[in-house]
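Subject: Structure for your review

Dear colleague,

Please find below the structure that I am handing over to you. My findings follow it.

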Amino acid sequence: MTLDEKVSMTHTLSDSTHSREVAAIPRLCVPQLLLNNGPAGVGSGGIVQRRRRRCPHRSSAAASFDPSIARAYGAVEGREERATWADTMEGPDVDIARTPLNGRTFEAYGEDPYLAGQIGTANVQGIQSQGVHRHAQALRGE
């Protein structure tokens, strides 16, 4: 990779027609990556918003103490991710919530490390049950 190609892989394009897209590198057969954020359902978080459902924040799944609810939540996210034709879903966040003042606390599963691990694992299993992976996976054409 050239230096410019390496740099292009470290940020996304965001303008009036692109939202959170990592540019392709055709010379190396590296496909474009379409990113979605996953704090409360699937959303690009940018100017260009793909249609999707909004879900309750993740801490509500942890409050149930029921991994099957987190798995079902993940299955909804997985279906939504596939419907937007994105390649990468950012989430879930399994950091331990230490203060409610943190801007990303709502994306996590609370302050109990065991519970956060159990609920986070079930959520990822639900996402992956729909053929979506947390990391890049070319979904177009599947």
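A residue is called buried here when its relative accessible area is under 20%, and exposed when that area is over 50%. The model is a predicted one. Tyr 109 has a relative accessible area of 3%, so it counts as buried.

Overall organisation

The protein contains four helices and three strands, which follow one another along the sequence in the pattern α-β-β-α-α-β-α. Of its 142 residues, 40% are buried. The accessible surface comes to about 8,000 Å², and carbon and sulfur atoms account for 58% of that surface. Among contacts with a separation of 6 or more, 57% are between residues 24 or more positions apart.

The nonpolar core

Which residues form the largest nonpolar core? There are eight: Ala 61, Ala 62, Ala 70, Tyr 109, Leu 115, Ala 116, Ile 119 and Ala 122. H4 provides the largest share, with four residues. As a general background, nonpolar side chains in soluble globular proteins tend to be buried together.

Two members of the core deserve a description of their surroundings. Apart from neighbours within four places in sequence, Ala 61 is in contact with Ile 69, Ala 70 and Ile 119. Tyr 109 is located in the loop between strand S3 (88-90) and H4. With the same exclusion of sequence neighbours, the contacts of Tyr 109 include the core residues Ala 62, Leu 115, Ala 116 and Ile 119. Other contacts of Tyr 109 include Arg 58, Pro 92, Asp 93, Val 94 and Gly 120. Asn 123 is also in contact with Tyr 109, and the side chains of these two residues make a polar contact at 3.4 Å. His 57 is 52 residues from Tyr 109 in sequence, while their C-alpha atoms are 9.2 Å apart.

The salt bridge

The count of salt bridges comes to one. Glu 5 and Arg 27 form a salt bridge, in which the closest N and O atoms are 2.6 Å apart. Glu 5 belongs to helix H1 (residues 3-8) and Arg 27 to the loop between strand S1 (21-22) and strand S2 (33-37), so the pair ties together parts that are 22 residues apart in sequence. Glu 5 is buried, with a relative accessible area of 13%, whereas Arg 27 is exposed at 54%. In general, side chains of opposite charge can pair when their charged atoms come close.

Positive phi values

Most residues other than glycine have a negative phi. Where do Cys 29 and Phe 65 lie? Cys 29, with a positive phi near 60°, is in the loop between S1 and S2. Phe 65, whose phi is also positive and near 55°, is in the loop between H2 and helix H3 (67-83). Cys 29 is exposed, at 69% relative accessibility, and Phe 65 is exposed as well, with a relative accessible area of 61%.

With kind regards

Notes. Residues are numbered from 1 along each chain as its sequence is written. This is a predicted model: local features need pLDDT of at least 70, side-chain atom pairs count only at pLDDT 80 or more; totals for chains, interfaces and linings use all residues. Side-chain values use heavy atoms; hydrogens and water are left out. A nonpolar core is a set of buried Ala, Val, Leu, Ile, Met, Phe, Trp, Tyr and Cys residues joined through side-chain atoms within 4.5 Å. Buried means under 20% relative accessible area, exposed over 50%, partly exposed in between (1.4 Å probe, protein chains only). Contact means heavy atoms within 4.5 Å. A polar contact is a pair of N or O atoms within 3.5 Å; within protein, one must be able to donate a hydrogen and the other to accept it, and residues adjacent in sequence count only if both atoms are side-chain atoms. A salt bridge is a side-chain nitrogen of Lys or Arg within 4 Å of a carboxyl oxygen of Asp or Glu. Accessible areas come from the Shrake-Rupley method with a 1.4 Å probe; for residues, only the protein chains shown count as cover.
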